[in-house]
Amino acid sequence: EKTRIRWGIDERDRSSQHLPSYRENSWRAGLDRLLLGYAMPDEGVLVDGVLPFDGVEGEGADTLGRFAGFVDALDSFLVSLDRPAAPDAWRGRFAAMLEQFIKADDDSERELAKVHQAIDDFAEAASASKFEEELSAQVAIAWFRLRLEEEERGLGFMTGGITFCAMLPMRSIPFRVVAMIGMNDGSFPRQQHPPGFDLISAAPRRGDRSLRGDDRYMFLESILSARDVLYLSYVGQSVKDNSTIPPSVLVSELLDAIGRRFVVAGAGDADIVAHLVAEHRLQAFNPAYFNGDPRLFSFSRENMLALSGSRHRLPRPAFIDQPLPPPPEESRLVSLERLSRFFDNPAAFFLEERLGMRGYRGVLPLEEREPFGLSGLDAYAMRQELFSTIMAGGDPQGMLPVFRSRGLLPPAHHGEMIFHELVGEVALFVDEVRKYEPSGGLRERFELQLDIGGFTLTGAVDRAPAGGQLFARCASMKETDRIRAWISHLALNAAAGKAPGCDTLLVMRDESLRYGTVEDASALLGELLRCYWRGLSEPLPFFPKSSMAWSKRSGKGDDERLVASLKAWDEGYGERPGEGSDPAYLRCFGEEPPFGETFREVADLLLRPLIEHGGKP
C-alpha cells in the first residue's frame, strides 16, 4: 500500500498487454524500493533510479525476502509460458510449477494427484501420436482446461439423498424437486471464448457444437425432469446500489412464456410472474422474513432476536458514567505539540492516552489501478515537500524523479504536466509567504518553559528577530490550523511578557491571518491547560469545526448559532463527510450532536479570545 503497488510485474508485463511500457506502480518497482530500504535509509536520494523505502526491519525483512522470492518464481514461470515447447517439455514445466507453488495436504492430495495425472496424460497422448513439434502455452492450457473441467463419472449422482451435480445432457431422469442455482445474467448459458487457433469457431458450419445451444437444451431437459417443484435462483439486485439485475436470458424467456400462457387461479388479472418470483432481501434479519409471508421465511432464532431488539431499542448509554481518575502528576508536564494534538481531536486523544484504543478508522481496500490524477492527501503532501524545497533554496524540478519513484504521479507525460502545475502553484504561494518572511529568512529557535496553574508547558518556537513567528502551509485554512497557531502564539506571548512584536502570522493558500499581542496570554493558556486536564478524565465536547462555527456567531441568537454548528457537524469539505462522522466522536458521544451546555461553554471559553485577536495581516 505505501509503496503504491497497483498492478503488473514490471514494464515488460505491461507492454505485453499492448500498453505503455512504464515501471511505476508495478510489483518490481515496489519491491525494489522495499529491498533497497532494508539496505539503506531514505534520504530523498535515488539510487540507480530507485528511492529507498524505510520501515522494513526485524521479522519483516524475512517476510519480505520470502515474498520477493515468490514473485521471482512466479515471474519466471510466466516468462516460460511465452516460449513454445514440445509436449514433454511442457510436462516438465507444469510438474515443476506444482512442485514449486503447491504444498499438498490431506484436503488437496486427491485433487493434486488428478492434476499430475492430467499432465502425464498430456505427454503420453503426444507421444502416442508421434507429435514432437512445439506447442504454444495457449494450446497446452486449452487442453488442460478441457480435461480438468470434465465431470467425474460415477461420483455424487443418484446417491439416494440430495444430489449436487452439473447440468449434463441425457440426464432427463424424473425428480420430485429440481433446483437450478446461479442462473445469473452472463453465467448461463455459458459464453464461448474459443482460443485464437480454433479454426472451427472462426468459420462455423451447420452441425458444429455450440455451448450456448447445449445449455439451452439442458435447461429444457431440467425443466421437464421436475415433477413437484422447479426452483430457479439468481442474483437479481446489486449489493452496491440495490438496482435491478436481470436473470439469465433463459429464465427471462421462461417467465415470458408463462406470462403469455397461464394465469393465477382465482386471482383475476393478477400478474403471474410477480406471483411466481420471490424477491429476497439483502439482510437475513429483515422484518419480511418474520411477518408470515409463505415465500419469505427464516428458521434463524438469532436473526429474530436481533430484529426484535431493534424494534425496542433502548437509549444509548453514556460512554462512561463518571470521569476516570486523574492521570499521574507527571502528566502536568505538557509539551506544546502534545497540547496542540489534544485540541485537534480531544475525543481521540482521550481514547488513545487513557484507554489505549487506537485505529478506529476502517481499512480501505487496496487500489488496483495506477493513478490517473492526484488525491487530495497526495497533492497536499507533494505541495508541502515542494514548498520546503523552494524555501530552502533547492531546485523543485529535482523532485520529479522522486515523486515518480514513489508512484505518486500518473505515468508518462500526464504525470509531468501535473507535476509542473504543482510547481507553479507552490511557487506562487512561496512568493506570498516571502512577503512576510524577515529579510534573509533569518529565524531563531526560541526554547520556552512556562509554569502556569500547576502545569509546566515546554516547547520551542521559531521566532524572527523582531519577535514574531510565521506559520505557512500550502493548503486551505482549517480550524485546526488556527487553533495550533493560537496555542503557539499564546506561548510566545506568555514567554516574552509585554515585549512588542509578538505577533503570529498564519499564511495559507486561501487566506492569511495575524494574531496580535495578547496581554493575558498566561491566563488564556491556563484555561487551555485546565480543559486539557479535564479531557484526560472524560471526553471533552470540543470539536474544532463545530465549536468554531458556534463561537464565530457570538452575539447572535442561540438558534442561529446552533444551526451553524449542526451544519459543520453534518456537512464536510467536498465529498468528505462532516465532522460528526469521526469515529472517535461517534464512539464517545454517539450519533446525536452533543451540543449541550458544556459544549457551548467550552467553545466560547477557548475560541472567543482567538477570534477577537485574529485579523487580516
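Where does S405 lie? S405 sits in helix α15.

1. **Ground rules.** This is a predicted model: local features need pLDDT of at least 70, side-chain atom pairs count only at pLDDT 80 or more, and totals for chains, interfaces and linings use all residues. Residues are numbered from 1 along each chain as its sequence is written, and side-chain values use heavy atoms, with hydrogens and water left out.

2. Helices (H or I, at least four residues) and strands (E, at least two) are DSSP runs, numbered from the N terminus. S405 counts as buried, because its relative accessibility is 15%. The cut-offs are these: buried means under 20% relative accessible area, exposed over 50%, and partly exposed in between (1.4 Å probe, protein chains only). Leaving aside neighbours within four places in sequence, S405 is in contact with R33, L46, G49, V50 and L51. Contact means heavy atoms within 4.5 Å. E353 is 52 residues from S405 along the chain, and their C-alpha atoms are separated by 37 Å.

3. **P401 in α15.** Helix α15 covers residues 400–406, and P401 is found in it. P401 has a relative accessible area of 38%, so it is partly exposed. L51 is 350 residues from P401 in sequence. In space, C-alpha to C-alpha, P401 and L51 are 9.0 Å apart.

4. **S340 in α12.** Helix α12 spans residues 336–344 and holds S340. Is S340 buried or exposed? It is buried, because its relative accessibility is 7%. S340 touches R484 and I487, not counting residues up to four places away in sequence.

5. **A helix pair.** Two packed helices are described by the angle between their axes and the distance between the axes. Take α18 (residues 521–535) and α22 (residues 597–613). Their axes come within 9 Å and cross at roughly 145 degrees. Axes are lines fitted to C-alpha atoms, for helices over the stretch in contact, and angles run from 0 to 180 degrees between N-to-C directions. The crossing of α18 and α22 is left-handed. That term applies if the near helix is turned anticlockwise from the far one by less than a right angle; clockwise is right-handed.

6. **Who meets whom.** From α18 come L524, E527, L528, C531 and R534. They meet T598, L605, L606 and P609 in α22. By class, this contact has six nonpolar, one polar and two charged residues. Ala, Val, Leu, Ile, Met, Phe, Trp, Tyr, Cys and Pro count as nonpolar, Asp, Glu, Lys and Arg as charged, and the others, Gly among them, as polar.

7. **Backbone points to check.** F188 and P189 are joined by a cis peptide bond, with omega about -5 degrees. P189 lies in the loop between β1 (175–180) and α7 (199–202). N25 is not a glycine, yet it has a positive phi of about 65 degrees. N25 is in the loop between α1 and α2 (27–39). With a relative accessible area of 3%, N25 is buried.

8. **The whole chain.** The protein chain has 22 helices and nine strands. Its radius of gyration is 35 Å, well over the 25 Å that the globule rule gives for 617 residues, so the chain is more spread out than a compact globule. The radius is taken over C-alpha atoms, and the rule is 2.2 Å times the number of residues to the power 0.38. Buried residues make up 35% of the 617 residues.
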